[in-house]
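Here's a quick tour of the salt bridges in this protein. Have the structure open as you read.

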Amino acid sequence: NDFTGRIATGPITNSELDTWQVNEFKSWAHGIGVETLEAGGDPDQYVTSDGLIGAAIPKKLKLAPRWRTSDSGFQANCFCDAGNYVFAGGATSIRYYDPASDTWTNAVTGLTASVVALEVYGGVLYAALGDSVDMQKCANPSSAPTTWGAVTGKKARWFKKWKKLLWMGLGANVVSFDNASTWTAVSLGDPSTNALWGAVQDTALVVGKQEGLYLTTDAVDFAPILQDIPEYSGNFAQMRPAQGWLYYNILSSVQRISGLNSSAVLQIVTPKNVLDDTYGFGIPVSVASSSKYVWVLFNAGGVSGNQPFLAKYNQAGWHPAYWGTAGQTAYTCYFSRVAGRLFINDGSTRAQRYLTVNDEGMADYDVTVGQSIDLLHLDASLTQIVKAWKDVTFVTKNCSATKKIEVYYQSDRSGSWVLGGTITASPQQTIAFDVTNGAIQAKDLQLRAVVYTDSATVSPEIIGMFVKYLPRPDSIY
């Protein structure tokens, strides 16, 4: 019975007939892994398992594409699209990926230093090997990806194309190169610190050094635009422009800046890990971008302090995309439009399939295990009042006996999860928390959904949910 005959004890004290109250959740907003769910204007947090719930899609929750180990055991420091392939620079070799055959092949081996950057300029693929070793080049990466040679006397630690030249960092300076013989060095900032990374934002070349950011629009003078920062050799790690902002890191902080002049706007957008205040998400080591998202790869994060973590940012909030295994080291991330893949490397190259047109994950789901999402805590804004919790109704798509959602709950943050039931039919199914007694009593209730599928191309989807409760200290139901 949806009605109870208790007088003057419900949320409306002059009511003779008290009805079950309903919390309705159907506006899935954007957050971080702990993420954010909008519920009647009162946001709370929820957690996904390894980023394999696609919680960044508005108005629905579904499985995210599985991570495939694309090139096991190869440590890549950088990736680059060139011709029909994706190239990866490693410790002493370069490999290339053919999307048509889904295979990795050695392009060149036996290098004497780690490849730290790759860039295509004038149809030629260049590989930077740092300040002490001559860079390498491949004249025809599409037709002859295994033919490489040294660029004698030319060294670099990063590349950027700007004003029809190839610019690179070399020690404390930046250098321009015209693919022939012209090689021009320009000094900037503190001569004792390295030019860590460069980026092109609007019409300017921006260079990060340990002590700050510098900008030039004329290729002659570099003006400081960000100074007085904690000096750290890992600052500005693979910084990248995206959606009108320049994204970079200072220590463990993710920041972005726009305008690049006296009226520049600077924002700190670091995702907060409320599950772990000690390590947080770690130190950013790489930034990638696509049309919708900014991807940041963190090293030495997580509860253990040594887990890789990948997060994506969509201007509204952060979402988890990958948690690595404790002990792994995060190296780089890259969004490839040639391959339609998001690549990361944490000692092995891993890939997730994406539609490059809208940057949404392709239907490529894990059929071996379920993926979980811990939903928000419910307390009806009456934190110290015991409530009666009757049932939850899930509005879904694609649910069946083999494409199902297990629904668990925990009371008063006990840490003990109880299986309430399984959603095996769409579009709507109700699960009672206690069939025998009619309801359970708790001040706080939290739900967990575990999503399973037996098809790599079809995922159950959660469109919304409705929870019934009575907010009163002496619940009678």
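## What counts as buried

Lys62 has a relative accessible area of 17%, so Lys62 is buried. Keep in mind that this is a predicted model.

## How many there are

A search through the whole structure turns up 11 salt bridges. Let's look at a few of them.

## Lys62 and Glu461

Back to Lys62: its side chain meets that of Glu461 in a salt bridge, at 3.7 Å from N to O. This one links distant parts of the chain, with Lys62 in strand 6 (residues 61-62) and Glu461 in strand 42 (residues 461-471), 399 residues apart. Glu461 is buried too, with a relative accessible area of 7%.

## Asp346 and Arg350

Next up is a salt bridge between the side chains of Asp346 and Arg350, 2.8 Å from N to O. Asp346 is buried at 5% relative accessibility, and Arg350 is buried at 14%.

## Asp454 and Lys403

Asp454 and Lys403 form a salt bridge as well, with their closest N and O atoms 2.9 Å apart. Asp454 sits in the loop between strand 41 (445-451) and strand 42, while Lys403 sits in the loop between strand 36 (387-397) and strand 37 (405-411), so the pair ties together parts that are 51 residues apart in sequence.

Technical notes
Residues numbered from 1 in each chain as written. Predicted model: local features only at pLDDT ≥ 70, side-chain atom pairs only at ≥ 80, totals over all residues. Heavy atoms only, no water. Salt bridge = Lys/Arg side-chain N within 4 Å of Asp/Glu carboxyl O. Helix = DSSP H or I, 4+ residues; strand = E, 2+ residues; numbered from the N terminus. Buried < 20%, exposed > 50% of the residue type's maximum accessible area, 1.4 Å probe, protein only.
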